[in-house]
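This report walks through one protein model for a reader who is meeting it here. Please look over the sequence and the structure before reading on.

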Amino acid sequence: MILIGKRPGRLGNGLNLFAHFIAFSVQHDCPLANPAFFEYAHLFEGTYRSGLACRFPAKPASMVPAPWVRNVSYRGLHVVLASLNDTGMVRWPLRIHSIDLTKDCDLESDDFLRRVREGNLVVRGYRFRCPNLVRRHINVIRDFFRPIEIYRRQIDASLQVARDGCDVLIGTHIRQTDYQKFMNGDWFYPVARYHAWMRDLANQFPGQRVRFLVCSDGKLSADDFPDVDVTINRGSPVVDMYSLAGCDYLIGPPSSFSGWASMYGDVPLRVLHPHDRHIGRNEFRVSGDVDFAPTTAAA
């Protein structure tokens, strides 16, 4: 089996990494556990009742006595793996091979497949990828990461309000807090700049009522966007992310948060870069492998 032993950032990065390994798991019939995702396990159907292990395929597991984990220690790996033994997921004796990577690792490479066949494999890092398998098994990934009912109701209510009276709904992800320092602030854009992009884009839908659903970690109001029809989402991160997934178009800075929304909802996304002055309607693309954040992003 494979065990993911380190959380690569926040929700977007965690979903991204997990999705690639789920695609690998389906393709190669290899059991997977991701205890580093436990902080978000209560949000999704596939992980809600899987305990600390956050297993795929999803089955109930014994709970290890800890509220959540971000990084799993070597001793903790034995505890987690031992808790899975009664399910037949772990091959004994308990040999652990570890891969700790910051550079790209192709999950379909001969080297990685060889390591998996050698025994239980622990991986730490973010750059594990198999985009072709993600596209092949996208429906399995979507089902696994379907929000639980209480959040689905909030998401549906958010989209119902946002769509009332408009023809085109454009999700707008405005990253304000951590992006002020991350990447030396290269991807931190003032609200006035988002406003200019939004006005430019709205003018490209003549005769249609365009509204922007704004999701942000900053404190924004409709007054920040004069002459633009906006609704400000004030939900939790998962409600914001999946509300964006229900829009017709998406715009936002480089981030796996909006990348996941694009992939999950099959929504065309235009990533905003520092040099951009104009956004064309023909420049939107659905995220293919939910990978818009660099290795060190806390997306």
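D111 is partly exposed, with a relative accessible area of 40%, where partly exposed covers the range between buried (under 20% relative accessible area) and exposed (over 50%), taken with a 1.4 Å probe on protein chains only. This is a predicted model in which local features need pLDDT of at least 70 and side-chain atom pairs count only at pLDDT 80 or more, while totals for chains, interfaces and linings use all residues. Residues are numbered from 1 along each chain as its sequence is written, and side-chain values use heavy atoms, with hydrogens and water left out.

D111 forms a salt bridge with R114, the closest N and O atoms lying 2.6 Å apart; a salt bridge here is a side-chain nitrogen of Lys or Arg within 4 Å of a carboxyl oxygen of Asp or Glu. The two residues are 3 residues apart in helix α3 (residues 110–118), and so are separated by about one helical turn. Helices (H or I, at least four residues) and strands (E, at least two) are DSSP runs, numbered from the N terminus.

R114 is partly exposed at 39% relative accessible area, and R114 also forms a salt bridge with E118, with 2.7 Å between the closest N and O atoms. R114 and E118 are 4 residues apart in helix α3, again about one helical turn, and E118 is partly exposed as well, at 39%. D111, R114, R115 and E118 are linked in a network of salt bridges.

## A salt bridge on helix α6

By the same rule the count comes to 12 salt bridges, and one of them joins the side chains of R153 and E149, at 3.2 Å from N to O. Both residues lie in helix α6 (residues 149–163), 4 residues apart, which is about one turn of the helix. R153 is partly exposed, with a relative accessible area of 49%, and E149 is partly exposed with 48%.

## The covered strand β9

In strand β9, 7 of its 7 residues are buried. In a regular strand the side chains alternate between the two faces of the sheet. On β9 both faces are covered, with V210, F212, V214 and S216 buried on one side and R211, L213 and C215 buried on the other.

Strands count as paired if DSSP finds at least two bridges between them. β8 and β9 pair in the parallel sense over 7 bridges, and S216 in β9 is the bridge partner of I174. β9 also pairs in the parallel sense with strand β10 (residues 230–232), over 3 bridges, and L213 stands opposite T231 in β10.

## Pocket and cavity

The largest pocket holds about 450 Å³ of space. On a 1 Å grid over the protein atoms alone, a pocket is an open set of points with protein on both sides within 12 Å along at least five of seven lines, a cavity is a set of points where a 1.4 Å probe fits but cannot get out, and lining residues have an atom within 4 Å of a point. Grid points are joined across faces, edges and corners, and a volume is the space filled by probe spheres set on the points.

The largest pocket is lined by 26 residues, with S216, D217, P237, D240 and F257 lying nearest its centre. The elements giving two or more residues to this lining are α1 (11–28), β8 (168–174), β9 (210–216) and α8 (237–244).

The structure holds 1 cavity of 30 Å³ or more, and the largest cavity contains about 40 Å³ of space. Its lining residues are I4, K6, R7, P8, G14, L17, N34, A36 and F37.
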